[in-house]
Amino acid sequence: MATNTAPRKRPLRFKIGVALLVLCALIYLGVLIVLFLPLTTAGKAATIGGMVVGAETCALLGIAGIGKETVQAIKARTGLKNRKRDRVDGQAPAAK
């Protein structure tokens, strides 16, 4: 009996999500380029601020596009799933 060895076809939503995540990284690299452009300080600040907002939007839409299962798989591989942030001994942080 032959097994199905054809690669799994990814949906268009997944491909768009990956493209948005790549675009997010490129926008952040573009911030470094803006620093060296002959703009005023206010112009640079406005441009960089807009780029950061655009990059974060692309990141959120990209994460939504690739799906919950892929994000969980990435977290499991990178060890982010078992990270303890503000908890001590498994308890929630005390109110101050």
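The following questions and answers cover how terms apply to this predicted model.

Residues are numbered from 1 along each chain as its sequence is written. Local features need pLDDT of at least 70, side-chain atom pairs count only at pLDDT 80 or more, totals for chains, interfaces and linings use all residues, and side-chain values use heavy atoms, with hydrogens and water left out.

User: What makes up the secondary structure of the protein?
Analyst: Three helices and zero strands. Helices are DSSP runs of H or I with at least four residues; strands are runs of E with at least two. The order from the N terminus is α-α-α.

User: Why is F36 called exposed?
Analyst: Exposed means over 50% relative accessible area, buried under 20%, partly exposed in between (1.4 Å probe, protein chains only). F36 has 73% relative accessibility, so F36 counts as exposed. F36 sits in the loop between α1 and α2.

User: Which residues make up the largest nonpolar core?
Analyst: Ten residues: L20, C24, I27, V31, V34, I48, M51, A55, C58 and A59. Such a core is a set of buried Ala, Val, Leu, Ile, Met, Phe, Trp, Tyr and Cys residues joined through side-chain atoms within 4.5 Å. α1 (12–34) and α2 (41–66) each give two or more residues to this core.

User: Which residues does C58 touch?
Analyst: L20, L23, C24 and I27, leaving aside residues up to four places away in sequence. Contact means heavy atoms within 4.5 Å.

User: How much of the protein is buried?
Analyst: Buried residues make up 18% of the 96 residues.
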